[in-house]
Amino acid sequence: AAGRGRVEFRDVSFGYPGAEEPVLKDISFTAEPGRTTAIIGSTGAGKTTLLNLIPRLYDAGGGQVLIDGVPVDRLTREALSEAVAAVPQKPYLFSGTIASNLRYGAQGATDEELWEALEIAQATDFVRDKDGGLDAPISQGGTNVSGGQRQRLCIARALAARPSVYLFDDSFSALDVATDARLRAALKRSIADATVILVAQRVATITEADEILVLDDGRIVGRGTHEQLLETNETYREIVES
Ligand code: DUT
Ligand code: MG
């Protein structure tokens, strides 16, 4: 992908059409390439909404979202989808095969590249065990694989697209602790230069993040490393201890 993938929010506010209250208020932060930025906050805090402004599922009401200094609304849809790959909170698989699902957003990927993506996503074993391997059928919505398998296939799909920015929305929640840890270690090695923004509920998933943003009712109420926030931020302590 072109550019390096630096994501910047400048005083961003956002409200859903028809709603009175804004969901995001005065959001400013920079997610740098080669670093992991984690977003934590209680349910309804606005985490998914914040992520969705980056690939322009919605446009910011005020302020700007920029990638490598360019406002996202000035990028073409093509440039944007090349730069950003998102693993949504409810990962979706299409009716087709494992390969066709993985190639969504990565049409030119070779089988070898798909296996590499599956390896990082900790999905090699279950795909290999499926009749047909990469050509094994997937039913609409991915109902013939488990929730954890669906998550890992959607992570592999993002990896196959080779973007400069990865968005993971609670993407590790259906995985057991050991698989979660292996997957994050593999990601660290394989996408070390990318910008990673991840939303997580499980504290272990974010303790190693370079920067954690604490979101509360649409505002950033704290930022820092896990250790810094434990010392300084009451909201963070409450989330961690809950
Ligand atoms: N909201 C809407 N319309 C939508 C999506 C969300 O009005 O289409 C509201 C619900 C909530 C706020 O926006 O009050 C933030 O929702 P979001 O999904 O961004 O919250 P979250 O932090 O991702 O919550 P969760 O941890 O449950 O995923
Ligand atoms: Mg969410």
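Asp125 and Arg128 are both exposed (over 50% relative accessible area; buried means under 20%, partly exposed in between; 1.4 Å probe, protein chains only). The model is predicted, so that local features need pLDDT of at least 70 and side-chain atom pairs count only at pLDDT 80 or more, whereas totals for chains, interfaces and linings use all residues. Side-chain values use heavy atoms, with hydrogens and water left out.

Asp125 and Arg128 lie three residues apart, about one turn, in helix α5 (residues 124–129); helices are DSSP runs of H or I with at least four residues, and strands are runs of E with at least two, numbered from the N terminus. A salt bridge joins Asp125 to Arg128, with the closest N and O atoms 3.8 Å apart. The criterion is a side-chain nitrogen of Lys or Arg within 4 Å of a carboxyl oxygen of Asp or Glu, and 13 salt bridges are counted by this rule. Another links Asp59 with Arg56 at 2.7 Å; Asp59 is partly exposed at 38% relative accessibility, while Arg56 is buried at 18%. Arg6, Glu8, Arg10 and Glu32 form a salt-bridge network.

Lys47, in helix α1 (residues 47–52), is buried but has no salt bridge, the nearest side chain of opposite charge being Asp169 at 6.9 Å (Lys and Arg count as positive, Asp and Glu as negative; His and the chain ends are not counted). The Lys47 side chain instead reaches the backbone oxygen of Ser42 at 3.0 Å.

Definitions and conventions. Residues numbered from 1 in each chain as written. Chains lettered and ligands numbered in written order. Polar contact = N/O pair within 3.5 Å; in protein donor to acceptor, adjacent residues only side chain to side chain.
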